[in-house]
Amino acid sequence: MSRIKNILHAGDNLINATFGGDPDASISARTGFHMASHHDPYWNRLGQIIDWGFAPIEDRHCLEAWENDQCEDYQDAERWDRIGLAVVVTPFCLVLGTVLRIRKWWQSL
Ligand SMILES: [Ca+2]
């Protein structure tokens, strides 16, 4: 893995831990775990946002992330942790998804 990817991965885990998650798990894998169990609309909505951000480069990003890292402890999130996750994840994924779509469009010219 490149250094940039390592830094992004560590930042992802740091943010996950900040909002009550396992420090060895990513936000996407945590979300994918809870999406797979279909127990809570919050995680399904967060997963739709994350998956939209990554859609130009990967299908089913959250479920793939969880399937590739199933040995972690995937905690649910308290109310304020849910709000914090949504506040961080939503703008990031909107920017990421927009940039990746522009890049894809640019490469198609
Ligand atoms: Ca892990």
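Student: Is Thr18 buried, partly exposed or exposed?

Tutor: A residue is buried if 20 or more other C-beta atoms, placed from the backbone, lie within 10 Å of its own, exposed if 12 or fewer, and partly exposed in between. Thr18 has 13 other C-beta atoms within 10 Å, so Thr18 is partly exposed. Please note that this is a predicted model, in which local features need pLDDT of at least 70 and side-chain atom pairs count only at pLDDT 80 or more, while totals for chains, interfaces and linings use all residues. Residues are numbered from 1 along each chain as its sequence is written.

Student: In which helix is Thr18 placed?

Tutor: Helices (H or I, at least four residues) and strands (E, at least two) are DSSP runs, numbered from the N terminus. Thr18 belongs to helix H1, residues 3-18. The protein chain has five helices and zero strands.

Student: Which residues touch the most other members of the largest nonpolar core?

Tutor: A nonpolar core is a set of buried Ala, Val, Leu, Ile, Met, Phe, Trp, Tyr and Cys residues joined through C-beta atoms within 7 Å. Here the largest has 17 residues, and those touching the most other members are Ala29, Leu46, Ile50, Cys62, Trp66, Leu85 and Val89. At least two residues of this core come from each of helix H2 (27-37), helix H3 (41-54), helix H4 (61-67) and helix H5 (79-108). H2 gives the most, with four residues.

Student: What share of the 109 residues in the protein chain is buried?

Tutor: Buried residues amount to 28% of the 109.
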